[in-house]
Each structure stands twice: as C-alpha cells, then as structure tokens.
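Look through the sequence and the model shown here before reading on. The briefing that follows takes up a few parts of the structure, topic by topic.

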Amino acid sequence: LLLLALSAPYWLSPNPAADAVGGCPLDFSWANFTTAAAACSDGAQRAACCRYINAFVATSIARYANATGRLGVPPAFSEMCLSAVSDTFRLRGIATDAAVFCGLGPKIRVDYQCAGRNTVLEMMQSPSFNDVIGSCRGPLSLDITCKTCLNYGIVYLRRLIGSDDNVALSVCRSAVFVTLATQHGVLSYDDILTCFFGVQGITTFPGTVSVTSTPASTPNVTVPSDSSAPKTKSVPLPQKHQKPYHISVVPGIGIGVILLAILLQIVLVVLIRRKNKELRDAELSAQSPDNAFHQGQSWRCAEGQSPMFQRYSYKETTKATNNFSTVIGKGGFGTVYKAQFSDGSIAAVKRMDKVSRQAEEEFCREMELLARLHHRHLVNLKGFCVERKER
C-alpha cells in the first residue's frame with residue numbers, strides 16, 4: 001500500500017476522508033440535501049433530481065481531486081464508494097429508487113476516467129483544454145458566458161472521444177467540471193456548479209474566503225498501489241468570486257450607459273452643426289457675387305427690354321402652382337406647370353431643371369425672345385422669378 005499525504009484548502013474539510021462513509025474517501029459533509037431531497041421525492045422532478053445527484057458526486061470528486069490530483073477514487077474503492085454514497089443519499093432523504101433511476105453506478109460514477117486520462121494534470125495537458133479554461137473565465141452566472149463555456153467543452157469532448165457514446169460524454173463532461181473546479185482563482189465554485197448541472201444551493205461552504213492550501217492538517221489516507229496512481233498533487237479549488245463579480249458588473253453597466261449617452265450626444269451635436277452649416281451655405285450662396293451676377297444678369301436681360309415685367313417670389317410661385325403639381329408641358333431646359341395667382345390670373349410657369357452657366361444663358365435668351373416677339377400663337381411674358389437656385 002502507498003501512503004499519500006493530502007492537503008486541502010481552508011474551506012474544504014481538513015480531512016476529506018474524515019467524514020467519509022464506510023471507508024470511502026469521498027466526503028459529503030459540505031452538502032445541503034434539502035432541495036435535492038424535495039426534488040427526488042416528486043416523480044415529476046426526476047430530471048432535476050438526477051442533476052442534483054450528479055452535482056453532489058461531481059463536487060465530492062472535485063474536493064477529492066483537489067487533494068489527490070485524481071479524477072475520482074481508485075478502482076479498488078469504486079464498489080465500496082458507490083454503496084457508501086447510496087447509503088449517504090438515503091440517510092439524507094433521497095430515495096433509493098431515485099438514485100437507481102438516475103443511474104448511480106452505471107452512469108453517475110465515482111471515478112471519471114476519460115479517454116485514458118485519470119488525473120487532473122492529464123486532462124489539462126490534453127490538446128485544446130486551455131481553450132476550455134479560457135472560455136470559462138468570468139462570471140458563469142451570466143447566461144452567455146455559461147453557454148460559451150459549455151460549447152467549448154462540448155467541442156473539446158467531441159474531439160477527444162470521437163464518438164457519440166452518451167455515457168462516455170457524460171463521464172468526460174464531469175471530468176471537465178472537476179478539472180475546472182481545481183483551477184485556483186479562475187472560477188466561482190457556485191457559478192460553475194450552476195452552469196454545468198443547473199442546480200443551486202447544494203453547498204454549505206463558508207462565505208468568501210481565500211482559497212489557499214494549508215498543510216496544517218495532512219492526514220495519511222491509504223489507497224491501493226497501482227501503476228496509474230499519481231504522486232501527491234495539490235491543486236487548490238477556486239475562490240468564490242460570485243459577489244465581487246456582481247459588484248463589478250453593476251458599475252460597469254452604468255459606465256457603459258453613460259459613455260453611450262455621451263457618444264449619442266456628440267453625434268447629435270455634429271449633425272446639428274452640419275445642418276446649420278448647410279443652411280448658412282445656402283443663404284450665402286444666394287448672396288454670393290456669382291449668384292448676384294446671375295440674378296443681376298437675368299434681371300438686366302428682362303429689364304433692358306421692358307420695365308413692365310413683374311418679379312415674383314419663389315414662395316408666391318410655389319403657392320400658385322400648388323407646389324408644382326400640374327404639369328402641362330416640358331421643354332429642353334425645364335418643365336412647364338399650370339399656375340393660378342392670387343389675382344385670379346392663370347399662367348404657365350416654366351421651371352428650369354437645374355441652374356448652370358448654360359442654363360442661366362438659356363434662361364436669359366428665352367426672356368429676351370419672349371420680350372421681343374409678339375404673336376397670336378405665342379404666349380406673352382408676364383414676369384419671372386430668380387431666387388437662390390430657382391429660375
């Protein structure tokens with residue numbers, strides 16, 4: 001027989017085997033069976049009952065792995081531990097038929113041998129396991145973080161096992177849980193329990209305490225000597241970070257909302273200034289020398305022939321044409337609309353499509369021709385409108 005010295009963190013039982021039942025090194029003194037017993041006594045909650053039983057066993061193995069580095073009890077202890085665990089569950093209010101229904105033994109085992117890996121170190125050294133650890137960092141109490149962690153775990157297991165053996169996947173999934181649970185300071189223990197098994201309130205661990213390995217109590221536990229037995233390893237379980245995470249998330253959300261509000265305000269100010277600039281540019285363009293030249297030119301073109309032409313405002317013209325709604329013709333440089341002015345007179349208003357040097361000259365020539373020519377088949381020029389970019 002090989003004697004291994006076991007060391008445990010402060011909040012673990014000083015001696016994992018001290019509270020063991022029937023010589024089994026698994027300890028359940030930390031467990032709160034109240035909620036699980038209620039679920040297992042209700043036939044409609046069998047699925048929840050099985051998750052509780054799985055979580056209890058996996059947590060005890062995680063505590064054992066933290067002290068020994070093994071992913072479960074040695075093979076020689078397997079049958080003894082299954083019997084001891086079943087007796088413990090029965091004494092704590094979980095019916096024997098519930099444990100049998102959930103597969104304690106065939107499915108829910110007391111050792112998590114996964115694809116030839118028997119220790120935490122072997123799991124951590126397998127390809128891509130670092131990706132699983134990285135994806136599971138952060139508060140697993142958040143749904144999105146938990147789903148990301150589980151998805152990476154599933155991808156890892158599919159590559160590792162390479163089969164659709166549901167029992168093997170379940171055992172290896174629990175092995176992943178145990179390995180993650182032994183990572184000091186990385187995960188919140190309660191969060192990872194909730195994420196992997198969907199259960200809460202099964203532990204009676206103290207509040208937030210520092211998870212450190214204390215060699216003060218190092219009892220000797222006798223285990224069978226076999227070729228796969230690892231040397232003494234102490235991998236501390238994680239701290240309980242749930243409250244600090246919650247405390248840090250709330251200010252983070254508040255800061256994010258404030259930054260978003262500031263960003264929206266900056267965008268709004270930029271848009272307002274851009275619109276004001278466009279309006280100022282439009283006003284300045286109406287008063288610019290180039291525009292004044294065109295207006296003066298058009299005015300002089302008409303004024304040189306007859307001072308009787310009336311100058312209409314754009315607003316007045318828009319009202320007379322009912323916002324340019326009735327089209328009665330179309331020329332080379334514009335569209336002709338029907339207009340009725342406030343004095344009752346009806347006229348044809350030709351609106352240029354666009355203002356350019358060529359169009360400005362065409363506008364001027366057309367006014368000159370209409371001013372000079374008088375014929376019974378040619379309409380008389382009544383007036384014009386030159387305002388901003390409208391002709």
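**Helix 7**

Helix 7 covers residues 143–161, and its 19 residues reach 27 Å from the first C-alpha to the last, close to the 27 Å expected at 1.5 Å a residue. The expected span is 1.5 Å times one less than the number of residues. Helices (H or I, at least four residues) and strands (E, at least two) are DSSP runs, numbered from the N terminus.

This is a predicted model, in which local features need pLDDT of at least 70 and side-chain atom pairs count only at pLDDT 80 or more, while totals for chains, interfaces and linings use all residues. Residues are numbered from 1 along each chain as its sequence is written, and side-chain values use heavy atoms, with hydrogens and water left out.

**Sides and end of helix 7**

- The buried residues of helix 7 are Thr145, Cys146, Cys149, Gly153, Tyr156, Leu157 and Leu160.
- These residues lie on the same side of helix 7, because they cover an arc of only 100° around the axis. The arc is that of the directions from the helix axis to the C-beta atoms.
- Ile144 and Arg159, on the other side of helix 7, are exposed.
- Buried means under 20% relative accessible area, exposed means over 50%, and partly exposed lies in between (1.4 Å probe, protein chains only).
- After helix 7 comes Gly162, which has a positive phi, near 65°.

**Lys350**

- An unreviewed UniProt entry places the feature "binding site" at Lys350. UniProt positions are given in the numbering used here, feature names are shortened, and annotations may be inferred rather than shown by experiment.
- Lys350 sits in strand 8, residues 346–352.
- With a relative accessible area of 32%, Lys350 is partly exposed.
- Leaving out residues up to four places away in sequence, Lys350 touches Gly331, Gly334, Thr335, Val336, Glu366 and Arg391. Contact means heavy atoms within 4.5 Å.
- The side chains of Lys350 and Glu366 are joined by a polar contact of 3.2 Å. A polar contact is a pair of N or O atoms within 3.5 Å; within protein, one must be able to donate a hydrogen and the other to accept it, and residues adjacent in sequence count only if both atoms are side-chain atoms.

**Strands 6 and 7**

- Strand 6 (residues 327–330) and strand 7 (residues 334–340) pair in the antiparallel sense over three bridges. Two strands pair if DSSP finds at least two bridges between them.
- A hairpin of three residues links strand 6 to strand 7.
- Val336 in strand 7 is the bridge partner of Gly329.

**Whole protein**

- The protein has 13 helices and nine strands.
- Of its 391 residues, 41% count as buried.
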